[in-house]
Amino acid sequence: MTGRLAWRTARLVEAREETPTARTLVLDVSGWPGHLPGQHVDVRLTAEDGYSTQRSYSIASAAQGDRIELTVQRVPAGEVSPYLVEGLSPGYPVELRGPVGGWFVWRTTDTAPVLLVAGGSGIVPLMAMVRARRAAGSRVPFRLIYSARTKNDVFYAEELRKRVRDDAGLDVAYVFTREEHGRRINVNDISTAGWPADFQPDCFVCGPTGFVETVADILVALGNEPRRVKTERFGPTGA
Ligand SMILES: Cc1cc2nc3c(=O)[nH]c(=O)nc-3n(C[C@H](O)[C@H](O)[C@H](O)COP(=O)(O)OP(=O)(O)OC[C@H]3O[C@@H](n4cnc5c(N)ncnc54)[C@H](O)[C@@H]3O)c2cc1C
């Protein structure tokens with residue numbers, strides 16, 4: 001089989017710690033066809049006895065030749081994520097296929113203002129959009145609302161600080177659920193740090209299922225057209 005549905009062997013070239021429980025994997029994928037920000041890959045692990053299992057992971061990087069980056073959050077007692085976060089060493093092979101998904105994508109030719117709303121590791125495909133915007137020199141106004149447990153759970157913290165400083169038209173607001181006075185994201189966060197619905201923003205919401213549903217309901221209640229509210233749920237993906 002050829003094309004995006006073919007399994008390819010990627011190689012880990014570098015791993016970066018994002019938080020004590022999450023790692024970015026930089027992979028070399030020979031013949032990678034390119035991707036749009038928002039798309040994901042399927043990763044397959046096969047044990048020596050032939051048992052194999054696969055999970056989906058969003059692509060964190062903007063398109064850059066044969067290199068892609070994934071950021072994986074370790075799920076306690078998970079089958080796949082602990083190995084990707086702790087077990088895989090540079091030089092090791094990883095089987096993957098993709099890119100997958102055509103709806104939850106932002107194109108650098110799109111012109112509407114963009115609202116990104118991330119819950120936890122849901123930041124990953126949204127970061128690909130922030131990076132692609134920068135790589136294309138786009139001036140489309142972007143606002144990101146990022147909900148994480150604590151400051152120490154923020155992925156790409158340093159890069160986000162730099163992007164806000166250097167990328168005109170990008171704003172980032174944080175909501176912490178487990179800091180002192182922590183709370184869950186609410187309608188005030190979205191109306192204060194988002195766009196008025198009259199601006200007809202393209203909204204991308206990604207994270208755990210409950211988070212995504214809450215935010216999507218708020219966005220629609222605030223007057224956003226449902227077709228402009230695109231969602232990606234990071235629920236369990238095991239076969
Ligand atoms: C389109 C898509 C893109 C995704 N992108 C990313 C990504 O960029 N980074 C990333 O870290 N993950 C991402 N995920 C989640 C990922 O696919 C796996 O579900 C996750 O890594 C857990 O796999 P596991 O084998 O370690 O756990 P499993 O062995 O599948 O599950 C172990 C236990 O944890 C629970 N569980 C499974 N997944 C989750 C979860 N996401 N949150 C909380 N509990 C869970 C299960 O119900 C089970 O009880 C994505 C999911 C989808 C559908």
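The stops below go from the domains to the strands, then to the ligand and the core.

**Before you start**

Residues are numbered from 1 along each chain as its sequence is written. This is a predicted model, in which local features need pLDDT of at least 70 and side-chain atom pairs count only at pLDDT 80 or more, while totals for chains, interfaces and linings use all residues.

**Stop 1: the two domains**

Colour residues 3-100 as domain 1 and residues 114-233 as domain 2; these bounds come from an automatic or database domain assignment. Their C-alpha centres lie 24 Å apart. Now select where they touch: 13 residues of domain 1 are in contact with 15 residues of domain 2 (contact means that the C-beta atoms, placed from the backbone, lie within 7 Å). On the domain 1 side, strand 1 (8-19) and strand 5 (67-73) are the elements that give two or more residues. Strands here are DSSP runs of E, at least two residues long, and helices are runs of H or I, at least four residues long, numbered from the N terminus. That side of domain 1 has five nonpolar, seven polar and one charged residues. In this count Ala, Val, Leu, Ile, Met, Phe, Trp, Tyr, Cys and Pro are nonpolar, Asp, Glu, Lys and Arg are charged, and the others, Gly among them, are polar.

**Stop 2: follow the strands**

A hairpin of two residues joins strand 1 to strand 2. Click Leu12 and you will find its bridge partner, Leu27, in strand 2. From Leu27, step across to Ile68, its bridge partner in strand 5. Strand 2 and strand 5 are antiparallel too, with seven bridges.

Next, select strand 3 (residues 40-46) with strand 4, an antiparallel pair with seven bridges. Thr46 has Ser52 of strand 4 as its bridge partner. Five residues lie between strand 3 and strand 4 in their hairpin, and Gly50 in the turn has a positive phi of about 95°.

**Stop 3: around the ligand**

Which residues come nearest to the ligand? Of the 23 around it, they are Gly78, Glu79, Val80, Ser81 and Val124 (a residue counts as near if its C-beta atom, placed from the backbone, lies within 6 Å). Strand 4 (52-58) and strand 5 each supply at least two residues of this shell, and strand 4 has the largest share, with four. By class, the shell has nine nonpolar, eleven polar and three charged residues.

**Stop 4: the largest nonpolar core**

Finally, select Leu116, Leu126, Phe204 and Val215: of the 58 residues in the largest nonpolar core, these touch the most other members. Such a core is a set of buried Ala, Val, Leu, Ile, Met, Phe, Trp, Tyr and Cys residues joined through C-beta atoms within 7 Å, where buried means 20 or more other C-beta atoms within 10 Å of the residue's own. Helix 2 (residues 123-136) gives the most to this core, eight residues. The core lies between domain 1 and domain 2, because both give residues to it. Centre on Phe204 to finish: leaving aside neighbours within four places in sequence, its contacts are Gly38, Phe104, Trp106, Leu116, Leu126, Met129 and Lys230.

Methods: Contact = placed C-beta atoms within 7 Å. Pairing = 2+ DSSP bridges. Buried ≥ 20, exposed ≤ 12 C-beta atoms within 10 Å, placed from the backbone.
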